[in-house]
Amino acid sequence: MIKDVIASMNVHMDKTIEALRKDFQKIRTGRATTALLDDVRVDFYGNPSPLSQVATLAVPEARTITIQPWDNKMIAPIEKAILNANLGLTPANDGKLIRLSLPPLTEERRKDIVKGLKRDAEDSKVALRNIRRDAIDQLKKLEKEKQISEDDLKRAEKDVQDSTNSHVAKIDEVVAHKEKEVLEV
């Protein structure tokens, strides 16, 4: 019973960290990445489709993303979708290929991005604490129903706290890595 509660808690905490990592992938740094375009939806014959399902995305240079539509008729809808996504990027096409050039980030913009990273990390830590609280509540309920002893409860609470501390440290690592990436010129 205790193992199930702790295992469930760890799964939820791991998902929280993974969600933070995915969010951080979409944050623009000084380097081009196709993850910036993950949320862009293109009107593909009446269906909003992810950009990666209507074109080949590539990063030929550190500050350039290329988009090669599978159908040349899709160039205009792709450009429109990129502009509507408010990414701060202006597409340029040569009739067959769309290029997105990422301008270098200003120092002020880098600092704003880092503030946002820290805010997102704190939100994730709050989520971890809520998960910890729920796990402890479940354990206390088991103890109240006499399914576990008071000593088992104390040991389990310590395990829950240790696991929470471990996950908070992982969040700090993720933030430090992304912060370093954003601040490097």
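This is a predicted model: local features need pLDDT of at least 70, side-chain atom pairs count only at pLDDT 80 or more; totals for chains, interfaces and linings use all residues.
**Exercise 1. Work out the strand order of the open sheet and find which strands stand at its edges.**

Solution. 
- Start with strand S3 (residues 55-61). Five bridges join S3 to S4, and the two run antiparallel.
- Look at the link. A hairpin of two residues joins S3 to S4.
- Check one pair. Thr56 stands opposite Gln68 in S4.
- Move on to strand S6 (residues 98-101). S4 pairs with S6 over four bridges, in the antiparallel sense. Here the bridge partner of Ile65 is Leu100 in S6.
- Asn93 stands opposite Ile98 in S6.
- The four strands form an open sheet in the order S3-S4-S6-S5, with antiparallel pairing.
- Read off the edges. S3 and strand S5 (91-93) each have a single partner strand, so one side of each is left without a neighbour in the sheet.

**Exercise 2. Find which strands helix H2 touches, and give its direction relative to S5.**

Solution. 
- Locate the helix. H2 spans residues 75-84 and packs on the sheet.
- List the contacts. H2 touches S3, S4, S5 and S6.
- Take the angle. The direction of H2 makes about 165 degrees with that of S5.
- Classify it. Angles over 145 degrees count as roughly antiparallel.

**Exercise 3. Decide how far strand S4 is enclosed by the rest of the structure.**

Solution. 
- Take the strand. S4 covers residues 64-69.
- Apply the cut-off. Buried means under 20% relative accessible area.
- Conclude. Five of the six residues of S4 are buried, so the strand is largely enclosed by the rest of the structure.

**Exercise 4. Describe how helices H1 and H4 pack, and what kinds of residues make their contact.**

Solution. 
- H1 (residues 2-25) and H4 (residues 150-183) pack at an angle of about 10 degrees, and their axes are 11 Å apart.
- Classify the angle. H1 is therefore roughly parallel to H4, as angles under 35 degrees count that way.
- Name the H1 side. The contacting residues include Ile2, Ile6, Met9, Met13, Ile17, Leu20 and Phe24.
- Name the H4 side. Among them are Ala156, Val160, His167, Ile171, Val174 and Lys178.
- Sort the contact by type. The residues of the contact of H1 with H4 divide into twelve nonpolar, five polar and six charged.

Conventions
Residues are numbered from 1 along each chain as its sequence is written. Side-chain values use heavy atoms; hydrogens and water are left out. Buried means under 20% relative accessible area, exposed over 50%, partly exposed in between (1.4 Å probe, protein chains only). Two strands pair if DSSP finds at least two bridges between them. Contact means heavy atoms within 4.5 Å. Axes are lines fitted to C-alpha atoms, for helices over the stretch in contact, and angles run from 0 to 180 degrees between N-to-C directions. Angles under 35 degrees count as roughly parallel, over 145 as roughly antiparallel, 65 to 115 as roughly perpendicular and the rest as oblique. Ala, Val, Leu, Ile, Met, Phe, Trp, Tyr, Cys and Pro count as nonpolar, Asp, Glu, Lys and Arg as charged, and the others, Gly among them, as polar.
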